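Trainee: Could you take one residue in this model and walk me through its surroundings, step by step? I'd like to see how the local picture ties into the rest.

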Amino acid sequence: MILTLAFLLTALTAYVLFGGADFGGGVLEATLRRHPRLQDTLQRAMGPVWEANHVWLIAVVVILFVGFPVAYARLMTQLFVPVSLALLGIILRGAFFTFRKYDPEPARRLGLYALLFRASSALTPVMFGMIVAALLGGLPGKTPADATFADLYVKPWATWFGLACGLFVTALFGYLAAVFLFGETRDPADHLVLRRRVVQFFGVTFLLGGAVLGVGAWSGRIDPVAKFTLLQAAVQLGAALCIPLLWRAMNARRPWRMRLIAGAQLLFILGGWFETQTPDFARYADGTALTVAQSAAPPVTLLWLNIGLAAVLAAVVPLLAWLYRVFDAGRDR
Amino acid sequence: MSHLMLARSQMAFSLGFHIIFASISMVMPLLMTLAYRRYLRHGDPEDLRLTKAWMRGTAILFAVGAVSGTALSFQLGLLWPGFMEHAGPIIGMPFSLEGAAFFLEAIFLGLFLYGWDRLTPRVHLLCAALVSVFGFLSGALVIAANGWMNAPSGFRWVDGRAVDIDPWAAMFNAAWPLQAVHMLVAALQAVTLAGAGLHALGLLRGRAPGFHRRALGILLPLFAASSLVQPLIGDLSGKSVAKRQPEKLAAMEAHWTTERAAPLLVGGWPDEETETVRYGLHIPYGLSVLAHGDPHAEVTGLDAFPHDERPPVLVTHLAFQVMVGIGTLLAGLGAVILWARWRKKDLTARRGWLKLLVALTPLGFVALEAGWIVTEVGRQPWILYRVLRTADAVTPVPGLGWSFALIVTLYLTLGALAMFLLGRWFVIESERGDA
């Protein structure tokens with residue numbers, strides 16, 4: 001079970017890192033309105049990889065419903081609305097990214113494509129953040145008989161804490177995209193613009209991270225003091241230590257080092273969340289929880305799932321690496 | 001509409017939409033590979049032009065297929081949590097493997113679409129071929145899950161829970177092999193026929209005859225071959241259903257009473273109230289022969305099942321008639337194509353023939369959808385045949401009308417936009433003329 005959970009978290013991390021940067025690409029693009037050349041660079045960089053990056057989400061969903069079917073069934077019911085809205089964003093983003101790329105006369109419909117691509121790229125991460133917030137004590141445990149639709153399916157996730165988490169995730173994805181895009185161009189003027197965006201998105205992410213902690217503590221959803229374990233301290237220190245390193249890498253124009261550092265930062269943030277979340281998939285408002293253990297499939301399923309996933313990773317990871325290598329902008333040098 | 005009907009309609013619409021794009025994403029890469037291989041062999045720039053035209057179509061339609069497929073992996077849980085909670089651990093193997101196949105498909109598609117000046121032609125061609133291979137593989141694996149819903153295996157059902165789970169026995173269920181072959185061949189038929197219809201239209205318009213003729217040269221033989229084997233696979237499928245799911249076969253045939261030497265019903269309008277069929281044509285011994293290969297064999301009728309275990313007869317029967325009718329027509333068309341090849345007659349030189357192809361453009365997809373209606377509606381009232389009822393699996397979340405309306409609007413818009421873009425490309429390519 002632990003191994004399956006590790007696969008689940010690995011797939012989730014890969015999705016947040018790679019798929020997150022793609023969603024961030026849409027958010028970032030909205031801030032590049034006066035830099036059409038950078039928009040092109042962004043589109044070109046995402047083109048070959050976004051579909052492969054997107055498959056990590058399918059991996060997450062499949063591991064969840066095969067390995068932890070109880071959690072899948074229950075969360076899909078309780079989070080029906082935000083999951084549907086996240087899906088809406090996923091569908092629109094993928095479709096309109098491709099439509100723009102393969103329209104014979106893209107200029108004619110550019111406004112529509114850009115609007116839908118950017119708006120849907122923001123909608124999905126906002127929903128992801130709200131879903132995470134709902135998992136941290138937002139969902140109702142027992143449902144009273146007179147509960148309305150809003151009580152059951154809207155109020156648990158549509159909270160101030162949820163909004164803070166949603167905006168935080170969106171800004172974080174935008175930051176990842178800015179760091180990623182830095183390595184896709186060698187033009188000094190572009191680098192100047194992106195440098196500003198990296199700093200701005202980082203600043204916004206940092207402030208929103210504070211908002212998450214603040215609103216979370218104020219609304220009683222997280223308790224930063226009681227929850228302040230050694231691991232949390234290490235994780236936050238790690239994320240903070242990355243900042244000067246990233247700054248130096250950016251000044252030295254070392255895009256791959258920047259990507260690795262931003263990736264490490266993301267790992268620290270996710271690690272902090274995973275640590276808070278363990279051992280539950282969801283913590284309910286009434287103090288009960290949906291634990292990993294009680295959601296798990298029978299051992300024989302988990303065994304074969306683990307074997308299958310190990311084989312899949314062994315096949316997919318080298319090919320993914322090859323895909324990235326083929327389309328690495330640095331290779332043109 | 002009732003809550004259950006709303007959930008079923010939303011699932012049906014989502015699946016029905018996805019299946020079109022999924023079929024195209026399996027077959028188009030194969031066509032693209034064949035055209036590209038011909039270009040690499042003979043160096044004719046027109047083959048390259050065809051490869052790129054089909055590649056653009058693949059890219060647009062693949063994206064729609066990929067996102068609507070992702071939506072489905074969520075919708076299974078959003079709409080049928082009571083099913084997925086039990087099904088996930090049992091039928092997870094094909095889903096996990098399908099995920100892997102789809103991963104590889106997306107990787108190789110990215111490499112093919114954008115790798116023109118970055119890969120050697122040989123590797124590039126291999127990438128195109130692998131998109132198709134993994135596309136067909138992932139299609140076959142998803143059908144394993146559907147086959148299991150028709151022929152549950154690999155577990156014992158005790159007190160509303162599955163015990164003694166054997167994921168491999170579930171994956172290799174009795175319905176899988178035939179269902180998978182039936183569907184993959186149907187996808188081949190539907191996509192090659194639709195492609196042939198479009199290129200026939202281009203040929204009729206007359207600006208780029210070489211380009212369109214070349215396309216038809218790849219499409220028509222594939223269409224003919226798949227359309228000629230399909231009736232055989234269909235016949236085997238019917239016999240398999242007769243054995244495994246007699247009430248589904250009875251609904252397909254609107255066969256009310258169990259009898260020996262049962263006649264085959266062609267057409268007709270079943271009335272479930274009076275258990276009669278109006279306007280049908282009965283062929284003596286037909287059903288006994290088709291279902292069991294023996295004119296005197298007994299064919300189980302709907303009367304062998306309690307009313308609350310019978311599938312809807314009208315829809316199942318009509319969908320089956322549509323599928324078989326079109327399948328027969330297409331097999332005839334395939335025979336004509338083969339005959340013309342054998343006699344070395346160029347059918348594409350005849351305007352009447354081209355007009356026929358244009359008229360038939362959507363028929364393969366109509367048959368494909370009808371086939372899925374037969375297998376899905378014909379399995380009702382069960383979501384997991386004779387184990388779990390659809391009504392017991394549906395989500396408790398109310399207000400499904402909203403999500404249904406949203407998904408219909410969304411998919412119709414996306415579908416229309418994708419068609420519009422393809423249409424624009426088609427006009428541009430046709431007006432460019434031959435090189």
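Mentor: Let's start with A:Leu176. Leaving out residues up to four places away in sequence, A:Leu176 touches A:Gly20, A:Ala21, A:Gly24, A:Ala262 and A:Leu266. Keep in mind that this is a predicted model.

Helix H1 of chain A (residues 2-30) and helix H8 of chain A (residues 160-182) have axes that come within 7 Å and cross at roughly 90°. Angles of 65 to 115 degrees count as roughly perpendicular, so H1(A) is roughly perpendicular to H8(A). From H1(A), the contact takes A:Gly20, A:Ala21, A:Phe23, A:Gly24, A:Gly25, A:Val27 and A:Leu28. On the H8(A) side, A:Leu176 is joined by residues including A:Phe173, A:Gly174, A:Ala177 and A:Phe180. Sorted by class, that contact of H1(A) with H8(A) holds 11 nonpolar and 5 polar residues, with no charged ones.

Now zoom out a bit. The largest nonpolar core has 270 residues, and A:Leu176 is among those that touch the most other members, along with A:Ala11, A:Val60, A:Ile131, A:Ala178 and B:Phe108. The top contributor to this core is helix H3 of chain B (residues 81-114), which gives 20 residues.

With chain B in the picture, look at how the two chains meet. Chain A puts 52 residues into the contact and chain B puts in 54. On the chain A side, the elements giving two or more residues are helix H3 (50-67), H4, helix H5 (80-102), helix H7 (149-154) and helix H13 (299-326) of chain A. H13(A) supplies the largest share of that side, 13 residues. By class, the side of chain A that touches chain B has 42 nonpolar, 8 polar and 2 charged residues.

There's a sheet in chain A as well: an open one of 3 strands, ordered S1-S2-S3, with mixed pairing. Its edge strands are S1 (136-139) and S3 (289-291) of chain A, each pairing on one side only. From one strand to the next, the twist averages 35°. Strand S2 of chain A (residues 280-284) pairs with S3(A) in the antiparallel sense over 3 bridges, and A:Ala282 stands opposite A:Leu290 in S3(A). Helix H4 of chain A (residues 69-78) packs on this sheet, touching S1, S2 and S3 of chain A, and its direction makes about 45° with that of S2(A). Helix H6 of chain A (residues 110-135) packs there too, touching S1 and S2 of chain A, with its direction at about 100° to that of S1(A).

Terms used: Residues are numbered from 1 along each chain as its sequence is written. Chains are lettered from A and ligands numbered from 1 in the order in which they are written. This is a predicted model: local features need pLDDT of at least 70, side-chain atom pairs count only at pLDDT 80 or more; totals for chains, interfaces and linings use all residues. Axes are lines fitted to C-alpha atoms, for helices over the stretch in contact, and angles run from 0 to 180 degrees between N-to-C directions. Helices (H or I, at least four residues) and strands (E, at least two) are DSSP runs, numbered from the N terminus. Angles under 35 degrees count as roughly parallel, over 145 as roughly antiparallel, 65 to 115 as roughly perpendicular and the rest as oblique. Two residues are in contact if their C-beta atoms, placed from the backbone, lie within 7 Å. Ala, Val, Leu, Ile, Met, Phe, Trp, Tyr, Cys and Pro count as nonpolar, Asp, Glu, Lys and Arg as charged, and the others, Gly among them, as polar. Two strands pair if DSSP finds at least two bridges between them. A nonpolar core is a set of buried Ala, Val, Leu, Ile, Met, Phe, Trp, Tyr and Cys residues joined through C-beta atoms within 7 Å. A residue is buried if 20 or more other C-beta atoms lie within 10 Å of its own, exposed if 12 or fewer, and partly exposed in between; C-beta atoms are placed from the backbone.
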